[in-house]
Amino acid sequence: MRALVLAGGGVAGIAWELGVLLGLRDGAPDLLPALVDADVVVGTSAGAAVGAQITSGVDLEELYAAQLDPASAEIEVDLDAEALAASYEAAARGATSAVDARRRFGELALAARTVSEADRRTAIEARLPSLDWPDRRLLITAIDTATGELEIFTPQGLTSLTDAVAASCAVPGVWPPVTIGGRLYMDGGMRSGTNVDLAAGCDRILVLSPTLPGAPSLLGDLDADVVPPADAQVLVVPANVRSMAAFGRNPLSPATRAPSAEAGRAVGRARAARVAEFWA
């Protein structure tokens, strides 16, 4: 079994991952259908949006072209990434476990002043070419703000695809938590940027991660226990310096979409032969 794991990375990360996938198709035309048809697709935050998009049946060229279009329903937000990271560090200080830290992040999320949940949901819905879950094993991650526990939304559940993606993308302190079944959920990336352990049972795992190799996690060592299955082969396609420049200081800004998509496409082309060899 094979898994495609799509990591978090904001609006820039969505564009970059779509660019990488198109670049892989540029370099290895037969590869993309096999990736999209992976036995498991795990999507976290930005990766949840990408997972929903690429399993919708809409051609990747069309999805990529949308990232180059200046018109967007995305909401501009003034993000101070360093201040946000400091707020997470302060919230986690004294936590007795990773779950306890995530519960504290939930408190931060609930206390933050943000746009309304309805406005945010509208923006998320505009990202999705289809509002229907695919007939596939798509796993979308989110965190219960009250308990800090991981929630996995799937096509077999009762949650709408829009709500699942919105919950997975609800960065605490930036976007409002999402109400599902009377509970409030936040970004699945608060457990791990990849949640790669959810690909358990797969023997080959491809991870698209819009971060530099070896870059420290925003969560510090709180995600240290989230590791790939021990018996799996794992290949990570990371960002490069050009990609990081495209993401800029605010990867949540819609202005990052076009340069991030183009940088991702270049990464995909450069990695196509290696990924095709790995996936074969």
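**Exercise 1.** Starting from the right-handed crossing of H5 and H6, describe how these two helices of the predicted model pack.

*Solution.* Right-handed here means that the near helix is turned clockwise from the far one by less than a right angle. Helix H5 (residues 81–92) and helix H6 (residues 98–111) have axes 8 Å apart and an angle of about 125° between them, where axes are lines fitted to C-alpha atoms over the stretch in contact and angles run from 0 to 180 degrees between N-to-C directions. In the contact (heavy atoms within 4.5 Å), Ser-87, Tyr-88, Ala-91 and Ala-92 of H5 meet Ala-101, Arg-104, Phe-105 and Leu-108 of H6. These residues comprise six nonpolar, one polar and one charged, with Gly counted as polar.

The model is predicted, with local features needing pLDDT of at least 70 and side-chain atom pairs counting only at pLDDT 80 or more, while totals for chains, interfaces and linings use all residues. Residues are numbered from 1 along each chain as its sequence is written, and side-chain values use heavy atoms, leaving out hydrogens and water.

**Exercise 2.** Determine how H1 and H10 are oriented to each other, and which classes of residue their contact has.

*Solution.* The axes of helix H1 (residues 10–27) and helix H10 (residues 257–279) come within 6 Å and cross at roughly 40°, so the two helices are oblique to each other. H1 passes H10 in a right-handed crossing. Among the residues that meet are Trp-16 and Asp-26 in H1, and Arg-257 and Val-275 in H10. By class, the contact of H1 with H10 has 12 nonpolar, six polar and five charged residues.

How values were computed
Helices (H or I, at least four residues) and strands (E, at least two) are DSSP runs, numbered from the N terminus. Angles under 35 degrees count as roughly parallel, over 145 as roughly antiparallel, 65 to 115 as roughly perpendicular and the rest as oblique.
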